[in-house]
Amino acid sequence: MDWLIEIDRHFTLWLNTWHTGFADCFYYLLTATTTWIPFYLVLAWMIFKQQGGRGLVTIIAIGLLVLVADQVSSSILKPLIERPRPSHDEIMQWMVHLVNDRRGGMFGFVSSHAANTFAVATFLTLIVRHAGLSLTLYIWAILNSYSRVYNGMHFVGDIVCGALIGIILASVAYQFYLRSVYHFFVIPHHNKRTLKSGLGRMFGESAPMVVAASIWFTILLLIIIAILMLKWNGVVD
């Protein structure tokens, strides 16, 4: 186990040292929960637009999934395993690059950001079944997760295990969702395959692309803001 921890330390430090002024601004903004409020609002719009008032069932399912993923990672695994973050690790804390000197709480295994974002990406991929949205969601989850390593808040191992927990929890939640959804939606469900495809068609083609566009627009906006912040501080010409 010690050799695995050492590999994790070296790989995390290698990723963490690739930093620039622009990336500091970009990933600091990217990792903030409030940054993604527009995406959450557009997502809610898509669900209610395509599913009507019964879309509240889907919203509740996503909310419960995020709550469970967050509690498993933050309230169960972190205090149980007690692995320090890189910013508190006895070896790493003096070498890791911290953005705005943020160190976070003492323990970091597993990453709540990774668990939450990968849970949302996986669950939406399973119910919407739209390639463009799915690709965008996983890029969103990867960027959010990598930002935690870049900011010195998590080891790579924290991210990988958090992502796996999010994917597993989303897959389980999806099975419960399938077992209950036909009580709320009129979908031909002679078999599970028909039910799955019926759910996917319910969201249409254009609405998922609007949701994907909201993520890309936010990323583009963060890039512009990061550049402007650097110009304002005289870092770039």
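Where is the place of Arg 83, in a helix or in a loop? Arg 83 sits in the loop between helix H4 (55–81) and helix H5 (112–128), where helices (H or I, at least four residues) are DSSP runs numbered from the N terminus. Before I go on, please keep in mind that this is a predicted model, in which local features need pLDDT of at least 70 and side-chain atom pairs count only at pLDDT 80 or more, while totals for chains, interfaces and linings use all residues. Residues are numbered from 1 along each chain as its sequence is written, and side-chain values use heavy atoms, with hydrogens and water left out.

Arg 83 is buried, with a relative accessible area of 16%, because buried means under 20% relative accessible area, with exposed over 50% and partly exposed in between (1.4 Å probe, protein chains only). Its side chain makes a polar contact with the side chain of Asp 158 at 3.4 Å; a polar contact is a pair of N or O atoms within 3.5 Å, and within protein one must be able to donate a hydrogen and the other to accept it, with residues adjacent in sequence counting only if both atoms are side-chain atoms. Not counting residues up to four places away in sequence, Arg 83 touches several others, including Ile 5, Asp 8, Phe 109 and Phe 155, where contact means heavy atoms within 4.5 Å.

Within helix H4 we find Ser 73, which at 0% relative accessibility counts as buried. The side chain of Ser 73 makes a polar contact with that of Ser 112 at 3.0 Å, and, leaving aside neighbours within four places in sequence, the contacts of Ser 73 include Lys 78, Phe 109 and Ala 115. Ile 59 is also found in helix H4, but at 27% relative accessibility Ile 59 counts as partly exposed, and Ile 59 touches Ala 44, Ile 47 and Phe 48, again not counting residues up to four places away in sequence.

The largest pocket has a volume of about 420 Å³, and 21 residues line it, of which Thr 33, Tyr 40, Val 66, Val 120 and Trp 140 lie nearest its centre. That lining divides into 13 nonpolar, 8 polar and no charged residues, and helix H3 (37–51), H4, H5 and helix H6 (131–150) each supply at least two of its residues.

The second largest pocket has a volume of about 210 Å³, and of the 13 residues that line it, the closest to its centre are Ile 60, Ala 61, Leu 64, Leu 65 and Ala 173. Its lining has 12 nonpolar, 1 polar and no charged residues.

The structure holds 1 cavity of 30 Å³ or more, and the largest cavity has a volume of about 40 Å³. Its lining has 3 nonpolar, 2 polar and 2 charged residues, with Arg 102 and Arg 148 among the lining residues.

How values were computed
On a 1 Å grid over the protein atoms alone, a cavity is a set of points where a 1.4 Å probe fits but cannot get out, and a pocket is an open set with protein on both sides within 12 Å along at least five of seven lines; lining residues have an atom within 4 Å of a point. Grid points are joined across faces, edges and corners, and a volume is the space filled by probe spheres set on the points. Ala, Val, Leu, Ile, Met, Phe, Trp, Tyr, Cys and Pro count as nonpolar, Asp, Glu, Lys and Arg as charged, and the others, Gly among them, as polar.
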